[in-house]
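My notebook is open, and I'm looking up a few things about this protein one by one. Here is what I wrote down.

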Amino acid sequence: MTHKILYYAQEPWINKLQLVDALASLIKMPLINTLLNVDTFLLISGLLKAYHYLRDLENKRFNFISCYTRRYLRLTPAYMVVLGFYATLLVRLSSGPGWNKFVEQPTDACKTNWFYNLIYLNNYLDNGNQCMVQTWYLAMDFQLCLLAPLIVYPLWRWPNVGKFIFISVTLLSVSIPFITIYCARAVPSYVLGASDSSIQWYMQNIYFITHQRASPYIIGLALGYIFYRMNTTKVKLTKVTVAAGWALSMAVLYAVVFGSFDIFQYGHEYDPMESAIYGALHRPAWALAVAWIIFACNCGYGGWITTFLSARAFQPLSKLSYSIFLTHYIVLMVNTGRMRTAVYVDEYTLVHQYLGDIFLVFGVSMILYLFVEAPLFELAKLCFGKKKGGNKPSAIKIELDTVHVAKTDSQLTRLASAVEKP
């Protein structure tokens, strides 16, 4: 939906002023200020990496080279198939007045910059001309995955030193975007009401850049460390603490999404300090609020929210999530590039088109998953499978509150299977 809206805003409309009216509607802020979902993925990725690293270190089975080889082979085969489609067949699917801008230019980028994607540096190298622009996330996730042991290992080996390193890195991850936005007088987010040049500068110098966006991932590492240390005890919280935690979490989520309402307006007067504060703090604030949801649900304080988030109906969707991530841009690009007349836009039109896009994306993604992603994933598992008789998960050894611990470990395992891929 995020990417649909970004493409939608570039389409020819009969009633283009509708976009101004949409920005002035507070209730539409979740659709306008919607790029925060990426920070949720970074948070969860950091959580899982820290938890798995610490468990492997405890059981003396962590192997740096094997770990990242598995990660590379997990992501790359399906990624390269879609990239090859971008560089060859995509441009032949259709035509239209916007075909050059929305399809041919991305195709040319894949012909020239595909190697940057292959080595997961496309978010830094020539990032204004990226092949498969959404895959900046894969590059960032892979880079943070490589850096995570520098934080996690000290936490495991020398806890006091590790905490000092963690605090220092966290402060640095917040300070860098603050200084960058303030000094460059940049926009704090993808502000639809800003000029194209301002948005482009923000995307290339802040949004795509790992050291500008690392704070949610670092918070995820901390949460993974907390879950690892909790493995032998059951967390007991008072009703007041639980209520305060949920209230604060919901308040922060609301403030992050709706608090930038004035910043997103066309007539807003730019304030560098306001932009720097929001640009530096809204992502870690969002991550902390979501971290509470994960923590509370895994500790038995989520109620119906835990039931909903743990619904088995999400499991089939989780299998397709990586393929959807790789292919959905194709449908959006073709839709916009082949338009030959201006259209009248309203909420019904958006929902109607979105549901059609979902149907097409799911169909294409299922083909990619069944014929490329799943078979190659199974081959990777066979190549790097665990030896029989090896160390068992640490939860098996736990004697205190075994049922609770096993449940927590099971939840994290299911979570891992669902979101280990972007």
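**Entry 1: a cysteine to start with.** I picked Cys131 and looked up its accessibility, which is 0% in relative terms, so Cys131 counts as buried. I kept in mind that this is a predicted model.

**Entry 2: Cys131's partner.** I checked what Cys131 is bonded to, and a disulfide joins Cys131 to Cys110, with 1.9 Å from S to S. As a reminder to myself, a disulfide is a covalent bond between the sulfur atoms of two cysteines. I then searched the whole structure for disulfides, and the search finds one.

Where do the two cysteines of the pair sit? Cys110 is in helix H6, which covers residues 99–118. Cys131 lies in the loop between H6 and helix H7 (136–157). They are 21 residues apart, and the pair links distant parts of the chain.

Is the disulfide right-handed or left-handed? I looked up the torsion about the S-S bond of Cys110 and Cys131: it is about 85°, so the disulfide is right-handed.

Buried means under 20% relative accessible area, and Cys110 comes in at 1%, so Cys110 counts as buried.

**Entry 3: cysteines without a bond.** A disulfide needs the two sulfur atoms within 2.5 Å. Cys145 has 1% relative accessibility, so I put it down as buried.

Cys299 is in no disulfide either. For Cys299 the nearest cysteine sulfur is that of Cys297, 9.5 Å away. With a relative accessibility of 4%, Cys299 counts as buried.

**Entry 4: zooming out.** How many helices and strands does the protein chain have? I got 17 helices and zero strands. The radius of gyration is 22 Å, close to the 22 Å that the globule rule gives for 422 residues, so the chain is as compact as a globular protein of that length. Along its principal axes, the C-alpha trace spans about 70 × 50 × 40 Å.

Entry 5: Of the 422 residues in the protein chain, 50% are buried. I also looked at contacts with a separation of 6 or more: 82% of them are between residues 24 or more positions apart. The chain exposes about 21,100 Å², and carbon and sulfur atoms supply 68% of that area.

**Entry 6: charges.** Last, I looked up the charges and found 35 positive and 23 negative ones in the protein chain. Their mean positions are 13 Å apart.

Note on methods. Residues numbered from 1 in each chain as written. Predicted model: local features only at pLDDT ≥ 70, side-chain atom pairs only at ≥ 80, totals over all residues. Heavy atoms only, no water. Helix = DSSP H or I, 4+ residues; strand = E, 2+ residues; numbered from the N terminus. Rg over C-alpha atoms; globule rule 2.2 N^0.38 Å. Buried < 20%, exposed > 50% of the residue type's maximum accessible area, 1.4 Å probe, protein only. Contact = heavy atoms within 4.5 Å. Areas by Shrake-Rupley, 256 points an atom, 1.4 Å probe, with all protein chains shown as cover. Lys, Arg positive; Asp, Glu negative; His and termini not counted. Charge placed at Lys NZ, Arg CZ, Asp CG, Glu CD.
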